[in-house]
Amino acid sequence: MTGKQLTIVSINGPYRDEGVFTMIRLAHAAKEKGIDVNFFNYLDATLIAHKEQAPKEFPPIETIFGTIVKKGIKKPKADAIACIKCTDARGVTKQQTEGVIIGGLYDLGEWTGESDKTILIG
Amino acid sequence: MSKKVNIIITQPPYGKEDAFSAVPMAASQVAAGNEASMIFVSGGVHSIVKGQKTGYGDIAVWFKDVPSVEAEITKNLELVSFFALDKDISKRGISDSEIINGIKKISLSELTDRILEADVNLVF
(Lines give C-alpha, C1' and ligand atoms only; values in the text may rest on other atoms or scores of the structure.)
Protein backbone atom coordinates (compact mmCIF):
# COMPACT_ATOMS: atom_id res chain seq x y z
CA MET A 1 0.00 0.00 0.00
CA THR A 2 1.28 3.44 -0.88
CA GLY A 3 -1.03 5.51 1.30
CA LYS A 4 -1.54 7.71 -1.74
CA GLN A 5 -4.92 8.97 -2.81
CA LEU A 6 -6.21 9.91 -6.27
CA THR A 7 -9.50 11.73 -6.85
CA ILE A 8 -11.03 11.40 -10.31
CA VAL A 9 -13.76 13.82 -11.34
CA SER A 10 -15.84 12.64 -14.29
CA ILE A 11 -18.33 14.76 -16.21
CA ASN A 12 -19.27 12.67 -19.25
CA GLY A 13 -21.85 9.97 -19.53
CA PRO A 14 -21.01 6.47 -20.72
CA TYR A 15 -20.87 5.16 -24.33
CA ARG A 16 -20.92 8.43 -26.34
CA ASP A 17 -17.15 8.55 -26.17
CA GLU A 18 -14.33 6.54 -24.66
CA GLY A 19 -13.70 8.92 -21.75
CA VAL A 20 -15.45 6.83 -19.09
CA PHE A 21 -13.68 3.65 -20.20
CA THR A 22 -10.37 5.50 -19.99
CA MET A 23 -11.27 6.75 -16.53
CA ILE A 24 -12.06 3.24 -15.32
CA ARG A 25 -8.87 1.79 -16.84
CA LEU A 26 -6.88 4.51 -15.11
CA ALA A 27 -8.61 3.88 -11.79
CA HIS A 28 -7.99 0.15 -12.09
CA ALA A 29 -4.29 0.75 -12.79
CA ALA A 30 -4.05 3.12 -9.81
CA LYS A 31 -5.59 0.49 -7.53
CA GLU A 32 -3.15 -2.11 -8.84
CA LYS A 33 -0.40 0.23 -7.63
CA GLY A 34 -1.99 0.37 -4.18
CA ILE A 35 -3.43 3.86 -4.59
CA ASP A 36 -6.78 4.71 -2.98
CA VAL A 37 -9.21 6.08 -5.56
CA ASN A 38 -12.08 8.51 -5.03
CA PHE A 39 -14.61 8.81 -7.83
CA PHE A 40 -16.62 12.03 -7.99
CA ASN A 41 -19.33 11.66 -10.63
CA TYR A 42 -20.61 15.05 -11.76
CA LEU A 43 -23.05 16.17 -14.48
CA ASP A 44 -23.72 13.39 -17.04
CA ALA A 45 -21.17 11.15 -15.29
CA THR A 46 -23.86 10.45 -12.68
CA LEU A 47 -25.27 8.07 -15.33
CA ILE A 48 -22.16 5.86 -15.10
CA ALA A 49 -23.47 4.07 -12.01
CA HIS A 50 -27.11 4.04 -13.04
CA LYS A 51 -28.50 0.53 -12.44
CA GLU A 52 -29.70 -1.95 -15.03
CA GLN A 53 -27.69 -0.76 -18.00
CA ALA A 54 -27.75 -3.31 -20.78
CA PRO A 55 -25.64 -2.10 -23.70
CA LYS A 56 -25.80 -4.45 -26.67
CA GLU A 57 -22.44 -3.51 -28.17
CA PHE A 58 -20.28 -2.16 -25.35
CA PRO A 59 -18.97 -3.36 -21.98
CA PRO A 60 -21.51 -2.60 -19.22
CA ILE A 61 -20.11 0.45 -17.47
CA GLU A 62 -22.23 0.20 -14.34
CA THR A 63 -21.14 -3.39 -13.67
CA ILE A 64 -17.46 -2.61 -14.16
CA PHE A 65 -17.62 0.60 -12.13
CA GLY A 66 -19.64 -1.11 -9.37
CA THR A 67 -17.12 -3.95 -9.16
CA ILE A 68 -14.23 -1.53 -8.60
CA VAL A 69 -16.19 0.28 -5.88
CA LYS A 70 -17.26 -2.96 -4.17
CA LYS A 71 -13.70 -4.31 -4.21
CA GLY A 72 -12.63 -0.98 -2.73
CA ILE A 73 -14.01 -1.89 0.70
CA LYS A 74 -10.53 -3.27 1.41
CA LYS A 75 -7.25 -1.41 0.85
CA PRO A 76 -6.60 0.12 -1.60
CA LYS A 77 -9.96 1.77 -1.10
CA ALA A 78 -12.31 2.99 -3.81
CA ASP A 79 -15.09 5.37 -2.82
CA ALA A 80 -17.66 6.91 -5.12
CA ILE A 81 -19.86 9.95 -4.71
CA ALA A 82 -22.48 11.10 -7.20
CA CYS A 83 -23.51 14.78 -7.12
CA ILE A 84 -27.06 15.03 -5.81
CA LYS A 85 -28.07 18.04 -7.92
CA CYS A 86 -26.97 16.13 -11.01
CA THR A 87 -28.65 12.84 -10.06
CA ASP A 88 -31.87 14.64 -9.15
CA ALA A 89 -31.82 16.53 -12.45
CA ARG A 90 -31.48 13.25 -14.34
CA GLY A 91 -33.87 11.23 -12.17
CA VAL A 92 -31.19 8.72 -11.18
CA THR A 93 -30.70 9.44 -7.47
CA LYS A 94 -32.40 6.24 -6.35
CA GLN A 95 -30.93 4.06 -9.10
CA GLN A 96 -27.21 4.32 -8.29
CA THR A 97 -25.35 1.05 -8.08
CA GLU A 98 -24.39 -0.39 -4.69
CA GLY A 99 -21.55 1.49 -3.00
CA VAL A 100 -22.16 4.86 -4.62
CA ILE A 101 -22.98 7.57 -2.09
CA ILE A 102 -25.11 10.57 -2.98
CA GLY A 103 -23.21 13.70 -2.01
CA GLY A 104 -22.27 17.17 -3.17
CA LEU A 105 -19.55 19.49 -4.35
CA TYR A 106 -18.39 20.15 -0.80
CA ASP A 107 -17.35 16.48 -0.61
CA LEU A 108 -15.23 17.02 -3.71
CA GLY A 109 -13.62 20.04 -2.04
CA GLU A 110 -12.70 17.88 0.96
CA TRP A 111 -11.36 15.08 -1.23
CA THR A 112 -9.31 17.62 -3.19
CA GLY A 113 -7.76 18.80 0.08
CA GLU A 114 -6.96 15.23 1.20
CA SER A 115 -5.80 13.74 -2.11
CA ASP A 116 -2.31 13.62 -3.53
CA LYS A 117 -3.74 14.31 -6.98
CA THR A 118 -7.13 15.36 -8.32
CA ILE A 119 -7.88 15.13 -12.02
CA LEU A 120 -10.90 15.76 -14.22
CA ILE A 121 -11.68 13.53 -17.18
CA GLY A 122 -14.12 15.13 -19.56
CA MET B 1 -4.43 20.23 3.64
CA SER B 2 -5.48 23.32 1.75
CA LYS B 3 -4.87 23.11 -1.99
CA LYS B 4 -4.51 25.72 -4.68
CA VAL B 5 -7.07 24.79 -7.35
CA ASN B 6 -7.45 26.14 -10.88
CA ILE B 7 -10.64 25.41 -12.77
CA ILE B 8 -10.09 26.17 -16.44
CA ILE B 9 -13.09 26.64 -18.70
CA THR B 10 -12.67 26.07 -22.42
CA GLN B 11 -16.37 25.64 -23.25
CA PRO B 12 -18.85 28.42 -24.13
CA PRO B 13 -21.57 29.30 -21.60
CA TYR B 14 -24.74 27.81 -23.06
CA GLY B 15 -23.87 25.08 -25.57
CA LYS B 16 -22.92 22.79 -22.72
CA GLU B 17 -23.58 22.62 -18.99
CA ASP B 18 -19.85 22.79 -18.22
CA ALA B 19 -19.28 26.52 -17.58
CA PHE B 20 -22.37 26.93 -15.42
CA SER B 21 -21.58 23.84 -13.33
CA ALA B 22 -17.91 24.66 -12.90
CA VAL B 23 -18.65 27.86 -10.94
CA PRO B 24 -20.30 26.18 -7.91
CA MET B 25 -17.51 23.59 -8.04
CA ALA B 26 -15.00 26.42 -7.53
CA ALA B 27 -17.09 27.98 -4.73
CA SER B 28 -17.34 24.60 -2.98
CA GLN B 29 -13.59 24.21 -3.13
CA VAL B 30 -13.28 27.44 -1.16
CA ALA B 31 -15.97 26.33 1.30
CA ALA B 32 -13.93 23.17 1.93
CA GLY B 33 -10.80 25.20 2.72
CA ASN B 34 -9.05 25.29 -0.65
CA GLU B 35 -8.09 28.33 -2.72
CA ALA B 36 -9.93 28.40 -6.06
CA SER B 37 -9.43 30.32 -9.27
CA MET B 38 -11.49 30.08 -12.43
CA ILE B 39 -9.79 30.85 -15.71
CA PHE B 40 -11.77 31.27 -18.93
CA VAL B 41 -9.94 30.45 -22.16
CA SER B 42 -10.80 29.92 -25.84
CA GLY B 43 -14.62 29.70 -26.29
CA GLY B 44 -14.97 29.87 -22.52
CA VAL B 45 -14.40 33.65 -22.56
CA HIS B 46 -17.99 34.21 -23.75
CA SER B 47 -19.05 33.43 -20.16
CA ILE B 48 -17.51 36.69 -18.89
CA VAL B 49 -19.66 39.02 -20.98
CA LYS B 50 -22.08 41.31 -19.10
CA GLY B 51 -25.82 41.38 -19.68
CA GLN B 52 -26.45 37.72 -20.47
CA LYS B 53 -30.12 37.00 -21.16
CA THR B 54 -31.30 33.42 -21.09
CA GLY B 55 -34.49 31.52 -21.68
CA TYR B 56 -36.25 30.10 -24.72
CA GLY B 57 -39.50 32.02 -24.41
CA ASP B 58 -42.85 31.61 -22.72
CA ILE B 59 -42.42 30.41 -19.12
CA ALA B 60 -45.77 28.61 -19.39
CA VAL B 61 -44.12 26.38 -21.96
CA TRP B 62 -40.55 26.20 -20.63
CA PHE B 63 -41.29 26.28 -16.85
CA LYS B 64 -38.06 28.15 -16.06
CA ASP B 65 -35.30 30.02 -17.83
CA VAL B 66 -31.91 28.45 -18.40
CA PRO B 67 -29.75 29.79 -15.54
CA SER B 68 -27.36 32.62 -16.31
CA VAL B 69 -23.64 31.93 -16.09
CA GLU B 70 -23.13 35.64 -15.45
CA ALA B 71 -25.34 35.47 -12.32
CA GLU B 72 -23.44 32.43 -11.08
CA ILE B 73 -20.11 34.23 -11.54
CA THR B 74 -21.34 37.46 -9.92
CA LYS B 75 -22.67 35.54 -6.91
CA ASN B 76 -19.23 34.05 -6.27
CA LEU B 77 -16.93 37.01 -7.02
CA GLU B 78 -15.92 37.39 -3.39
CA LEU B 79 -15.12 33.69 -2.91
CA VAL B 80 -13.39 32.76 -6.15
CA SER B 81 -10.74 34.60 -8.19
CA PHE B 82 -11.87 34.92 -11.82
CA PHE B 83 -9.51 35.36 -14.76
CA ALA B 84 -9.76 35.25 -18.55
CA LEU B 85 -7.11 34.93 -21.23
CA ASP B 86 -6.48 38.35 -22.81
CA LYS B 87 -5.76 37.16 -26.37
CA ASP B 88 -8.88 35.00 -26.47
CA ILE B 89 -10.99 37.93 -25.29
CA SER B 90 -9.68 40.23 -28.02
CA LYS B 91 -9.82 37.47 -30.66
CA ARG B 92 -13.56 37.22 -30.04
CA GLY B 93 -14.10 40.99 -30.20
CA ILE B 94 -15.06 41.39 -26.56
CA SER B 95 -14.22 44.89 -25.30
CA ASP B 96 -13.15 45.74 -21.75
CA SER B 97 -16.45 47.54 -21.09
CA GLU B 98 -18.35 44.32 -21.85
CA ILE B 99 -16.53 42.25 -19.21
CA ILE B 100 -18.19 41.51 -15.85
CA ASN B 101 -16.59 43.71 -13.19
CA GLY B 102 -14.11 41.83 -11.05
CA ILE B 103 -12.76 39.50 -13.74
CA LYS B 104 -9.08 40.05 -14.43
CA LYS B 105 -7.39 39.60 -17.78
CA ILE B 106 -4.20 37.49 -17.84
CA SER B 107 -1.66 36.65 -20.51
CA LEU B 108 -0.73 33.16 -21.68
CA SER B 109 2.54 33.48 -19.78
CA GLU B 110 0.66 34.32 -16.56
CA LEU B 111 -1.73 31.43 -17.15
CA THR B 112 1.23 29.09 -17.54
CA ASP B 113 2.69 30.32 -14.24
CA ARG B 114 -0.67 29.86 -12.51
CA ILE B 115 -0.95 26.28 -13.79
CA LEU B 116 2.56 25.47 -12.59
CA GLU B 117 1.96 27.04 -9.17
CA ALA B 118 -1.34 25.23 -8.54
CA ASP B 119 -1.74 21.87 -6.81
CA VAL B 120 -4.76 20.94 -8.94
CA ASN B 121 -5.80 21.96 -12.47
CA LEU B 122 -9.26 20.84 -13.60
CA VAL B 123 -10.12 21.52 -17.24
CA PHE B 124 -13.70 21.69 -18.48
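This is a predicted model: local features need pLDDT of at least 70, side-chain atom pairs count only at pLDDT 80 or more; totals for chains, interfaces and linings use all residues.
Student: Which residue does a cis peptide bond join to Pro76(A)?
Tutor: Most peptide bonds are trans. Here, though, omega is about -5°, and the bond is cis. The partner joined to Pro76(A) is Lys75(A).

Student: Okay, on to the sheet in chain A. Which strands stand at its edges?
Tutor: The sheet is open, has 5 strands paired in parallel, and runs in the order β4-β3-β2-β1-β5. Two of these strands have a single partner each, so one side of each is left without a neighbour in the sheet. Those edge strands of chain A are β4 (100–103) and β5 (117–121).

Student: What is the bridge partner of Asn38(A) in β3(A)?
Tutor: Strand β2 of chain A spans residues 36–41, and β3 of chain A spans residues 78–83. The two pair in the parallel sense over 5 bridges. For Asn38(A), the bridge partner in β3(A) is Asp79(A).

Student: And what angle does the direction of helix α1 of chain A make with that of β1(A)?
Tutor: Helix α1 (residues 19–32) packs on the sheet and touches β1 (5–10), β2, β3 and β5 of chain A. Its direction makes an angle with that of β1(A) of about 170°.

Student: Is Leu43(A) buried or exposed?
Tutor: You'll find Leu43(A) in the loop between β2 and α2 of chain A. Its phi is positive, about 50°, although it is not a glycine. Leu43(A) has 25, so it is buried.

Student: How does Ser42(B) count, with its C-beta neighbours inside 10 Å?
Tutor: Ser42(B) is in the loop of chain B between β2 (35–40) and α2 (59–62), and it has a positive phi of about 40° without being a glycine. A residue is buried at 20 or more neighbours and exposed at 12 or fewer. Ser42(B) has 16, so it counts as partly exposed.

Student: Last one: which element gives the most to the side of chain B that touches chain A?
Tutor: The contact takes 19 residues from chain B and 14 residues from chain A. On the chain B side, α1 (18–31) and β5 (120–123) each supply at least two residues. That side divides into 10 nonpolar, 6 polar and 3 charged residues. With 7 residues, the element that gives the most is α1(B).

Conventions
Residues are numbered from 1 along each chain as its sequence is written. Chains are lettered from A and ligands numbered from 1 in the order in which they are written. Two strands pair if DSSP finds at least two bridges between them. Helices (H or I, at least four residues) and strands (E, at least two) are DSSP runs, numbered from the N terminus. Two residues are in contact if their C-beta atoms, placed from the backbone, lie within 7 Å. Axes are lines fitted to C-alpha atoms, for helices over the stretch in contact, and angles run from 0 to 180 degrees between N-to-C directions. Ala, Val, Leu, Ile, Met, Phe, Trp, Tyr, Cys and Pro count as nonpolar, Asp, Glu, Lys and Arg as charged, and the others, Gly among them, as polar.
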